[in-house]
Amino acid sequence: SNGVFNVHDVQASANRIEINSSGTVTIPGNTDFSAGIDVTGDVIATGKISIDGDGGSKFFAVGDNEDFKIYHDATGPTIFSDPLNQGLKISAKNLDFTEYTGTTTRFKINDDGHVDVTGNLDVGAGIDVTGNVTTTGDITITSATPIINLTDSNNDSDYQIKNGNGDFNIKDVTNNVNRLTIASDGTTTIN
């Protein structure tokens, strides 16, 4: 009626399928597609999208080659990107990484570019800093021979501060001379 095609369940007194004159199809109940569904255009959902299954064999994929996947397996949730080595771009005003309850931000990239890390940050392979380092706490260097290198990019000499075998040294690296040594017994040598 009125240009609308209806499949009507007389016993339940309910429309099961409705196709209006513009071609919009309305299916008011649950619909199961056993062989898949292809959509050309947008998918708009007012509820959740669930993908049942474990082991990574069932996943949400985007891209011609399914090069971005989100799935869950026995080890937990996984976001997989880039079998073609194109990288993963995340675009957000502020990007927060929280612990599992979602209440405490552990790592945050702010929209002005600065990064906040809540808790201790362990860096296993070294850290390079361009710019100044500001701290409100102590700086501790633990090593068999802890060294701070002071390299002047414009002039010589360059210097090194070192704790070598319990002796405190300030070394002129350019001329390979210890300028100040304080031995563990308190003896001081100045060159």
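Select I109 to begin; this residue sits in strand β8 (helices, H or I with at least four residues, and strands, E with at least two, are DSSP runs numbered from the N terminus). I109 has 32% relative accessibility and so counts as partly exposed (buried means under 20% relative accessible area, exposed over 50%, partly exposed in between, with a 1.4 Å probe and protein chains only). The model is predicted: local features need pLDDT of at least 70, side-chain atom pairs count only at pLDDT 80 or more, and totals for chains, interfaces and linings use all residues. Residues are numbered from 1 along each chain as its sequence is written, and side-chain values use heavy atoms, with hydrogens and water left out.

**The nonpolar patch**

Together they form a nonpolar patch on the surface, with about 870 Å² of accessible area. Patches are made of residues with over 30% relative accessible area and no salt bridge, with like charges joined within 9 Å and nonpolar side chains (Val, Leu, Ile, Met, Phe, Trp, Tyr) within 5 Å. Accessible areas come from the Shrake-Rupley method with a 1.4 Å probe, and for residues only the protein chains shown count as cover. Which elements give two or more residues to the nonpolar patch? They are β8 (105-109) and β9 (115-117).

**Two pockets**

Next, select L121, V123, G126, I127, V129, G131, V133, T134 and T135, which line the second largest pocket. About 500 Å³ of space lies in this pocket. On a 1 Å grid over the protein atoms alone, a pocket is an open set of points where a 1.4 Å probe fits, with protein on both sides within 12 Å along at least five of seven lines; lining residues have an atom within 4 Å of a point. Grid points are joined across faces, edges and corners, and a volume is the space filled by probe spheres set on the points. The lining of the second largest pocket divides into five nonpolar, four polar and no charged residues. Here Ala, Val, Leu, Ile, Met, Phe, Trp, Tyr, Cys and Pro count as nonpolar, Asp, Glu, Lys and Arg as charged, and the others, Gly among them, as polar.

Now go to the largest pocket, which holds about 820 Å³ of space. Of its 17 lining residues, select T31, F33, I37, V39 and V43, the closest to its centre. The lining of the largest pocket has eight nonpolar, six polar and three charged residues.

**Salt bridges**

How many salt bridges does a search of the whole structure find? The search finds three, where a salt bridge is a side-chain nitrogen of Lys or Arg within 4 Å of a carboxyl oxygen of Asp or Glu.

- Select R16 and D9: their side chains meet in a salt bridge at 3.0 Å, N to O. R16 is partly exposed, with a relative accessible area of 41%, and D9 is also partly exposed, at 23%.
- Select K93 and D111: their closest N and O atoms are 4.0 Å apart in a salt bridge. The pair links distant parts of the chain, 18 residues apart, with K93 in the loop between β6 (76-81) and β7 (95-98) and D111 in the loop between β8 and β9. K93 is exposed, with a relative accessible area of 62%.
- Select D172 and R179: this salt bridge has an N to O distance of 2.8 Å. Is D172 buried or exposed? At 2% relative accessibility, D172 counts as buried, whereas R179 is partly exposed at 29%.

**Backbone details**

Most residues other than glycine have a negative phi, and most peptide bonds are trans. Select S13, which is not a glycine but has a positive phi of about 55°. S13 lies in the loop between β1 (5-9) and β2 (14-19) and is exposed, with a relative accessible area of 57%.

Then select N176, a residue other than glycine with a positive phi near 55°. N176 lies in the loop between β12 (167-172) and β13 (177-182) and is exposed, with a relative accessible area of 55%.

Move to D156 and S157, joined by a cis peptide bond with omega about 10°. S157 is in the loop between β10 (147-150) and β11 (159-164).

**Two distances**

Select Y159 in strand β11. Y159 is partly exposed at 33% relative accessibility. Its C-alpha atom is separated by 9.6 Å from that of V177, 18 residues apart along the chain.

Last, select E66 in the loop between β4 (59-62) and β5 (68-73). E66 is partly exposed, with a relative accessible area of 39%. The C-alpha atoms of E66 and T174 are separated by 56 Å, and the two residues are 108 residues apart along the chain.
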